[in-house]
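Try each task before reading its solution.

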Amino acid sequence: MLQFSFWDILSNLLIATQWTIVLSLIAFACGGIVGLALLFMRTSRIPALEWFTKVYIEFFQGTPLLMQLFLFFFGIALFGIEVSPWTAATLALTFWTSAFLTEIWRGCVESIPKGQWEASSSLALSYIEQMRYVILPQASRIAIAPTVGFSVQVIKGTALASIIGFVELTKAGTMLNNATFRPFLVYSLVALIYFCLCFPLSWWAKKIEGRLNVAR
Amino acid sequence: MSLVSIRDVRKSFGANEVLKGVSLDIAKGDVVAIIGRSGSGKSTLLRCINGLETYQSGSITADGIEVGGLATNLRELRRHVGMVFQQFNLFPHLTAAENVMLAPTVVNKVSKAEARATAAEVLAKVGLSEKMDAYPSELSGGQQQRVAIARSLAMRPKVLLCDEITSALDPELVNEVLRVVEQLAREGMTLILVTHEMRFARDVGTKLVFMHHGKVHEEGVPKEVFAAPRTPELQQFVGQVG
């Protein structure tokens, strides 16, 4: 039987970590783009668009991420379309991330005083122009800290993709445990790697938050 | 023909009717001072003129554009109707010049250079040439309000609506703002002001409108109306604030 040294385990985990990072980055970037589009719809004051985004957000916030992964992985397959774990994980994490980011950002947009909307309205700016030139430049300052903070949730969320067979950090840990029967060592290392990914982000988010509080 | 024409406008917030059939005609070059107690509907009336508030019945036309009609082109209307607010509402992330340049560049698609020249001109007019690159947080309340006036002027409005623009200012800063408004009035700008500055209304206004319980209770030439108020409500009001 093959023998795994400590370094074998660690190097295999680190290779898989790359996929955790890639999946997190894609989910966060795509989720951010979709989230921004949803934010425009959510604050548009057009009833149909607002209603749609509310339902969308309620669905992705109100159901477990794992169920969403299953739905994308097995659900789309029902229509005869072959879905790889990679595609299903990317789609589910993108939509899940976008729902949370939209809500975070909506809070930031709504914290901008009403007078900013009224003044820019009175200057004949359209809704899109108001958002682009007046509201978002101010809201994004406030949004940075909670957005960075949420990215930690995305990284941890990618762990669930292991269940549909996507080989990232958690899945690699499970496979290594099956081969080595050293669960404590393997999962301690997995947890440590997650911590090393997440801690700098949450530390940074705290730091930005503190800086903004001083500026106000 | 009047520049702004208000016909029997009614407006309710829920069950509370704040405008109970207001009619008013404002000609080009008029300086209209709207006075009245708080809650009399004067700010609401002003905000109806540029579509910040909707109304339930009646009609308002400003510069030939029907406000509040279904097909109202609010963007076109607001290009010609400026507004200055009690709380200034400057954009805090932009400098004074950038505040002034925003609408001309974004809405009127004027070049940056041309907009900057306009900004320099209107900021000079309000006496703030040296503050072009200052951020709102670096300016006093009076200076901020003058930037807000300049910001409206940059769009070359045909009417300027002023909603209690000195009410949030420290007393010693009120005059610098009023002087700017007075100069605009002298230059022939059509102004509609909701104000508590009775002396200003009397000296600069060409028309006084006293609102009471959601209606125009009394109107006329300011000096005459102040000298001899016809209704007991206005007599009492003038007595209290005068």
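**Exercise 1: a strand and its partners**

Of the 6 residues of β9(B), 5 are buried, so β9(B) is largely enclosed by the rest of the structure. Buried means that 20 or more other C-beta atoms lie within 10 Å of the residue's own, exposed means 12 or fewer, and partly exposed lies in between, with C-beta atoms placed from the backbone. The model is predicted: local features need pLDDT of at least 70 and side-chain atom pairs count only at pLDDT 80 or more, while totals for chains, interfaces and linings use all residues. Residues are numbered from 1 along each chain as its sequence is written, and chains are lettered from A and ligands numbered from 1 in the order in which they are written.

Task: find the strands that pair with β9(B), and state the sense of each pairing.

Solution. 
- Step 1. Two strands pair if DSSP finds at least two bridges between them.
- Step 2. Strand β3 of chain B, residues 31-36, pairs with β9(B) in the parallel sense through 5 bridges. Here B:G36 has B:M211 of β9(B) as its bridge partner.
- Step 3. β9 of chain B (residues 207-212) also pairs with β10 of chain B (residues 215-220), in the antiparallel sense and over 5 bridges. B:M211 stands opposite B:V216 in β10(B), and B:F210 has B:E218 as its bridge partner.
- Step 4. The hairpin of β9(B) and β10(B) has 2 residues between the strands, and B:H213 takes a positive phi near 50 degrees there.

**Exercise 2: a sheet of chain B**

Task: give the strand order of the open sheet of 4 strands in chain B, and name the edge strands.

Solution. 
- Step 1. The order is β2-β1-β4-β5, with antiparallel pairing.
- Step 2. β2 (16-26) and β5 (65-67) of chain B each pair on one side only, and these are the edge strands.
- Step 3. From one strand to the next, the twist averages 30 degrees.
- Step 4. Look at one pair: β4 of chain B (residues 57-62) runs antiparallel to β5(B), and 3 bridges join the two. B:T61 has B:E66 in β5(B) as its bridge partner.

**Exercise 3: helix packing in chain A**

Task: describe how α1(A) packs on α2(A), and how α5(A) packs on α6(A).

Solution. 
- Step 1. Chain A has 8 helices and 0 strands.
- Step 2. Two packed helices are described by the angle between their axes and the distance between the axes. Axes are lines fitted to C-alpha atoms, for helices over the stretch in contact, and angles run from 0 to 180 degrees between N-to-C directions.
- Step 3. For α1 (residues 6-42) and α2 (residues 47-62) of chain A, the axes come within 8 Å and cross at roughly 130 degrees. That makes α1(A) oblique to α2(A). (Angles under 35 degrees count as roughly parallel, over 145 as roughly antiparallel, 65 to 115 as roughly perpendicular and the rest as oblique.)
- Step 4. On α1(A), A:L38, A:M41 and A:R42 meet A:L49, A:E50, A:F52, A:T53 and A:Y56 of α2(A). By class there are 5 nonpolar, 1 polar and 2 charged residues in this contact. (Ala, Val, Leu, Ile, Met, Phe, Trp, Tyr, Cys and Pro count as nonpolar, Asp, Glu, Lys and Arg as charged, and the others, Gly among them, as polar.)
- Step 5. For α5 (residues 114-122) and α6 (residues 127-157) of chain A, the angle is about 135 degrees and the axes are 10 Å apart. This makes α5(A) oblique to α6(A).
- Step 6. The contact joins A:Q116, A:W117 and A:S120 of α5(A) to A:Q130, A:V134 and A:I135 of α6(A). It has 3 nonpolar, 3 polar and no charged residues.

**Exercise 4: where the chains touch**

Task: how many residues of each chain are in contact with the other chain?

Solution. 
- Step 1. Two residues are in contact if their C-beta atoms, placed from the backbone, lie within 7 Å.
- Step 2. By this rule, 18 residues of chain B are in contact with 15 residues of chain A.
- Step 3. α2 (74-80), β6 (81-84) and α3 (96-106) of chain B are the elements that give two or more residues to the side touching chain A.
- Step 4. That side of chain B has 10 nonpolar, 5 polar and 3 charged residues.
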